[in-house]
Amino acid sequence: MSTPAISSALTEIRSQIRAAEIKWHRSENSVTLLAVTKKKSVIEIREAMSCGQVDFGENYVDEAVKKIHQLQDDGCCWHFIGSIQSNKTKLIAKHFSWVHSIDRLKIAQRLSEQRPVDLPPLNCCIQVNIDGESTKAGIAPDALLALGNAILALPGIRLRGLMVIPATQTEFHQQRAVFSRVRTLYEQHCEYWPDMDTLSMGMSGDMLAAIAEGSTMVRIGTAIFGEREA
Ligand SMILES: *Cc1c(COP(=O)(O)O)cnc(C)c1O
């Protein structure tokens, strides 16, 4: 996408987020916009940065680390949102501030052990498979409590919230019904886990329904940067 298009798309998304915050009685800036930059160039990322964008999400470790090195910008906050292979945890622990896609204890343990001691604990969300889709990542809701309790004991990571990628729905009320179940799950577990403050839900196609149900971080790619190449 051309750079003026990125700038105007960001302005548009921000105003949609603000309008939804007002509509659903959310406080101003209670929803953080994460710009998802998988398969997008450093030129496109720089354009978003020049428009004041701070939080960026990436899915592929090698691609992300290369871009992080090229950008050399201390003001950015990098979020890992893709599926995690054991042999990539060291790079994630070193280069990212957040990981949204934890769904196994083994991965959490590796990230905790490999987090460099000079960095603060890695912020993490547990990914929940809310629709029970066999092909999708994420832990089953009934296994969430045990995984979160085990993660709480790990010194190198800090459990901040839940992340979800629901099955695609086009109707607002259907999208909202799924997010509502995630919100309930979140509220049930906040009681046990002290640092919980994050609901990572909502993408380009369902952002407004997610905000209606309490999302605190929306992960937006296509609506800012245009379609990705396959
Ligand atoms: C790609 C991706 C997004 C962004 O999706 P869009 O539909 O392009 O906004 C959000 N979250 C995750 C986990 C993704 O992989």
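The model is predicted.

- Two helices, H3 (61-71) and H4 (89-95), each give at least two residues to the lining of the second largest pocket.
- H3 supplies the largest share of that lining, with three residues.
- Sorted by class, the lining of the second largest pocket holds eight nonpolar, five polar and four charged residues.

**The largest pocket**
- The largest pocket has a volume of about 630 Å³.
- It is lined by 29 residues, and the closest to its centre are Lys38, Asn59, Ile165, Met203 and Arg228.
- Its lining is made up of 10 nonpolar, 12 polar and seven charged residues.

**Ser101**
- Ser101 sits in strand E4, which spans residues 98-102.
- Is Ser101 buried or exposed? Its relative accessibility is 4%. Buried means under 20%, so Ser101 counts as buried.
- Leaving aside residues up to four places away in sequence, Ser101 touches Phe80, Ile81, Gly82, Ile84, Cys125, Gln127 and Met163.
- With one of these residues, Gly82, there is a polar approach: the backbone oxygen of Gly82 lies 2.6 Å from a polar atom of the Ser101 side chain.
- Glu229 is 128 residues from Ser101 in sequence, and their C-alpha atoms are 23 Å apart in space.

**Helix H6**
- Helix H6 covers residues 144-152, and its buried residues are Leu144, Leu147, Gly148 and Ile151.
- Why do they lie on the same side of H6? Around the axis they cover an arc of only 95 degrees, so they fall on the same side of the helix.
- What do the buried residues of H6 pack against? Their partners are E4, helix H5 (105-114), strand E5 (122-128), strand E6 (157-164) and helix H7 (172-190).

Notes: Residues numbered from 1 in each chain as written. Predicted model: local features only at pLDDT ≥ 70, side-chain atom pairs only at ≥ 80, totals over all residues. Heavy atoms only, no water. 1 Å grid on protein atoms, 1.4 Å probe; cavity = no way out; pocket = protein on both sides within 12 Å on 5 of 7 lines; lining within 4 Å. Points joined across faces, edges and corners; volume = space filled by probe spheres on them. Nonpolar A, V, L, I, M, F, W, Y, C, P; charged D, E, K, R; others polar. Helix = DSSP H or I, 4+ residues; strand = E, 2+ residues; numbered from the N terminus. Buried < 20%, exposed > 50% of the residue type's maximum accessible area, 1.4 Å probe, protein only. Contact = heavy atoms within 4.5 Å. Polar contact = N/O pair within 3.5 Å; in protein donor to acceptor, adjacent residues only side chain to side chain. Arc of directions from axis to C-beta.
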